[in-house]
Amino acid sequence: MSLKAVTYCEQYKRANVHTSGCNFKCKGCSYKLNEHGPRTKTLSLEQVKSALRSLEVKRVHFVGGEPTLCRDLGHIAKFCHEELHVRTKIGHSTGWNRPPNNIDEMNISIKAYSEKTHKEYTGASNKRVLTNFRKIYVQGISLSASTVFIPTLIDLEEMENIARFISEVDPLIPFHITGYIPVPGTPWRSPNPDEIARAEQIAKQYLEEVTASCYQSADDYNRKVKEDPRYQSVRVA
Ligand code: SF4
């Protein structure tokens, strides 16, 4: 699994290191909707370090695919701590692997609480994910979680079970619910605003910090992302 690009958000002084490849095969993977532009070539470790050195950064985020599959992740995280003195975060992870040293924060996307549904949707069991979630928390990494709400598949009952599971680890772990954006060839629709609000309400029975977002299509998502300063970034390598 390789390094594909470095992008930079000047407003937040955040660099994003993009990696390729994932070990899950989610039927509704959002990358099928929008192959992110910068991921067209492979970068060397030195190219990534040189790009990071040239920027004024406060944080470095690793995004995939699944960033823990990239063999250079630990090396770059160490470089970020020891040379750049900045915080590091794995922005999106399946939780299949535990992170290397020098990762400060991690967001784990819990695809489903039911093992059967998880296997059906991702092709993999969630036992290792749920075990790792607990272990990563105990390790002292600042953890957040997210789940994609997919009506009729990963629905309100799943939201409740996932929120309960997270609360048993720590009710202060932030949890984000994302509404499913239909991927061509899949049978599921987007949740409507009432369903998302209900999911949020259910999760809030267990967790202190619950947020949600919902887009009706890839175009809707892309338009809102363009307007949101948190996502404004330019490719630097
Ligand atoms: S874990 Fe994320 S990147 Fe991997 S297949 Fe699932 S949605 Fe796609």
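The shell around the ligand has 5 nonpolar, 3 polar and 2 charged residues. Here Ala, Val, Leu, Ile, Met, Phe, Trp, Tyr, Cys and Pro count as nonpolar, Asp, Glu, Lys and Arg as charged, and the others, Gly among them, as polar. The residues surrounding the ligand are Cys 22, Phe 24, Lys 25, Cys 26, Cys 29, Tyr 31, Gly 64, Gly 65, Glu 66 and Thr 94. A residue is near a molecule or strand if its C-beta atom, placed from the backbone, lies within 6 Å of it.

This is a predicted model, in which local features need pLDDT of at least 70, side-chain atom pairs count only at pLDDT 80 or more, and totals for chains, interfaces and linings use all residues. Residues are numbered from 1 along each chain as its sequence is written.

Two of the shell residues, Gly 64 and Gly 65, are joined by a cis peptide bond, with omega near 0 degrees. Gly 65 sits in the loop between β3 and α2. Helices (H or I, at least four residues) and strands (E, at least two) are DSSP runs, numbered from the N terminus.

Helix α2 (residues 73–84) lies across β2 (14–19), β3 (59–63) and β4 (87–93), and runs at about 150 degrees to β4. In the loop between α2 and β4 lies His 85. Its phi is near 60 degrees, a positive value in a residue other than glycine.

Now the sheet. It is open, has 9 strands and shows mixed pairing, in the order β8-β7-β6-β5-β4-β3-β2-β1-β9. β8 (210–213) and β9 (234–235) are at the edges with a single partner strand each, so one side of each has no neighbour in the sheet. Strands pair if DSSP finds at least two bridges between them. Two pairings involve β6:

| Strands | Sense | Bridges | Partner residues |
|---|---|---|---|
| β6 (residues 142–149) and β7 (residues 175–179) | parallel | 5 bridges | Val 148 and Thr 178 |

Which angle do α5 and α6 make? Helix α5 (residues 156–169) and helix α6 (residues 193–204) pack at about 30 degrees, with axes 9 Å apart. That makes α5 roughly parallel to α6, a term for angles under 35 degrees. Axes are lines fitted to C-alpha atoms, for helices over the stretch in contact, and angles run from 0 to 180 degrees between N-to-C directions.

Leu 156, Met 159, Glu 160 and Ala 163 of α5 meet Arg 198, Ala 199, Ile 202 and Ala 203 of α6. Contact means C-beta atoms, placed from the backbone, within 7 Å. This contact has 6 nonpolar, no polar and 2 charged residues.

Key: Angles under 35 degrees count as roughly parallel, over 145 as roughly antiparallel, 65 to 115 as roughly perpendicular and the rest as oblique. Two residues are in contact if their C-beta atoms, placed from the backbone, lie within 7 Å.
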